[in-house]
Amino acid sequence: MKLWGGRFTKEENQLVHNFNESLSFDRKLYHQDIEGSVAHVTMLARQGIVSEEDREAIVDGLKGILADLDSGSLSFTREHEDIHSFVEANLISRIGEAGKRLHTGRSRNDQVALDMKLYCRHEIGEIDGLVKGLMEEILKIMEENLDTYMPGFTHLQKAQPVTLAHHMGAYFEMFYRDRTRLRDIRERMNYCPLGSGALAGTTYPLDREYTAKLLGFYGPTLNSMDSVSDRDYVIELLDAMALIMMHLSRFSEEIIIWNSNEYRFVELDDAYSTGSSIMPQKKNPDIAELVRGKTGRVYGALMSMLTTMKGIPLAYDKDMQEDKELTFDAIDTVKGCLALFAGMIATMTFRKDVMEASAKNGFTNATDAADYLVNHGVPFRDAHGIVGQLVLCCIGKGIGLDDMTLEEFQAVSPVFEEDIYEAISMRTCVEKRVTLGGPGRTAMERVIQVCKERLQE
């Protein structure tokens with residue numbers, strides 16, 4: 001018999017049961033469901049709504065169920081509709097009449113809202129820890145590569161020289177913003193819906209502030225209808241995870257490009273690569289490609305949840321059951337990708353010589369050559385045209401600006417002197433950019449210190 005079966009005279013059709021049930025996936029919430037129930041009955045006893053004897057029996061019974069589920073000695077069975085009815089039915093079978101009092105002053109609507117909040121709150125902490133771990137690996141690369149010169153790109157074309165430390169710092173900033181978003185979501189969601197009932201509260205003298213305190217919330221939610229129908233925090237978490245995956249995907253794309261034979265900027269560790277079943281020379285960046293591919297999976301969860309919620313009237317509707325599978329899968333996907341990605345970048349080798357040669361051979365110092373002329377009195381627009389002619393000349397000869405003779409420089413503009421070579425060296429091009437946010441060593445050392453402080457927040 002279902003927990004709601006008293007009003008019904010016929011058994012539920014098996015196909016209906018299969019379509020309606022959620023235990024096959026919301027069993028994942030058993031820790032949170034039992035934690036919430038322990039807090040609820042503790043509050044009921046404190047308010048005199050149930051006896052201390054019943055409270056003790058219920059809490060002991062719930063802890064026994066939790067221990068048996070953790071150990072695997074208690075299995076989930078198909079006849080139960082959801083995790084809430086599974087726990088309650090097992091509690092009643094173990095302790096008898098006292099177990100029937102657990103649900104006093106509570107609905108499955110506020111119960112599932114609580115369980116999902118507790119689960120998301122816990123997972124935010126898990127994801128945040130993984131993002132932090134990834135940022136620590138990025139910071140190590142930054143600290144070790146302040147003088148590793150490489151081309152910076154726009155439009156996927158070589159633009160100006162930067163350092164690997166500077167390039168990696170861009171990803172540190174992205175993941176730092178991801179952590180602040182996770183923190184913001186946790187702040188907004190950390191209010192307890194338990195005690196809202198089905199939608200209109202309850203006539204029992206509940207102490208919602210006490211329940212919230214027991215469960216580590218800042219306090220109770222303030223509108224019972226919103227409490228049971230709010231899934232904003234789920235959507236916000238999915239949105240934050242979609243952004244994390246977008247950042248991982250961009251990073252993956254660069255590693256895939258850098259790992260190619262044409263670039264050879266990085267060498268992936270064998271443990272994070274795979275081979276080909278037919279081509280023995282291949283070493284494929286499968287982890288990066290899978291991370292890039294799984295990004296769409298998390299995007300799909302976000303769009304599905306937005307679509308599910310867009311037409312739901314107040315208050316609770318069964319549509320909201322769709323939040324769980326999507327969110328569970330997205331969380332597992334993001335956590336797996338973060339862990340693997342951190343391991344991949346921690347073990348890959350950077351080809352510093354190839355990076356620097358690529359910067360030199362890509363005219364990334366052309367802007368600095370123009371700045372040289374400006375500093376010698378040539379208007380910038382004229383300097384731009386002069387250096388453009390030099391680049392054309394170099395392309396025709398298959399050389400870089402550094403490889404031109406002084407006579408070749410002066411044939412285009414007599415302003416050039418011997419010091420042009422120092423002015424357009426990779427070191428000078430990078431080190432002159434000392435404004436905060438630039439790639440110069442002085443600026444980067446300041447940024448790295450800020451990054452270390454951020455990781456301690």
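Leu199 counts as partly exposed because its relative accessibility is 37%, where partly exposed lies between buried, under 20% relative accessible area, and exposed, over 50% (1.4 Å probe, protein chains only). The structure is a predicted model, in which local features need pLDDT of at least 70 and side-chain atom pairs count only at pLDDT 80 or more, while totals for chains, interfaces and linings use all residues. Residues are numbered from 1 along each chain as its sequence is written, and side-chain values use heavy atoms, with hydrogens and water left out.

Leu199 lies in the loop between helix H7 (164-189) and helix H8 (208-214); helices are DSSP runs (H or I, at least four residues), numbered from the N terminus. Together with Met225 and Leu314, Leu199 forms a nonpolar patch on the surface, with about 270 Å² of accessible area in total. Accessible areas come from the Shrake-Rupley method with a 1.4 Å probe, and for residues only the protein chains shown count as cover.

Beyond residues up to four places away in sequence, Met142 touches, among others, Phe172, Met444 and Cys451, contact being heavy atoms within 4.5 Å.

The count of disulfides is zero, a disulfide being a pair of cysteine sulfur atoms within 2.5 Å. Cys120 is buried, at 1% relative accessible area, and its sulfur is too far for a bond because the closest cysteine sulfur, in Cys192, is 14 Å away. Cys394 is in no disulfide either, the nearest cysteine sulfur being that of Cys393, 5.7 Å away.

In helix H14 (residues 366-375), the buried residues include Asp368, Tyr372 and Leu373. The buried residues of H14 pack against helix H15 (380-397), helix H17 (420-423) and helix H18 (426-431). Gly377, which follows H14, has a positive phi, near 95 degrees.

Definitions and conventions: Patches are made of residues with over 30% relative accessible area and no salt bridge: like charges are joined within 9 Å, nonpolar side chains (Val, Leu, Ile, Met, Phe, Trp, Tyr) within 5 Å. A salt bridge is a side-chain nitrogen of Lys or Arg within 4 Å of a carboxyl oxygen of Asp or Glu. Helices (H or I, at least four residues) and strands (E, at least two) are DSSP runs, numbered from the N terminus.
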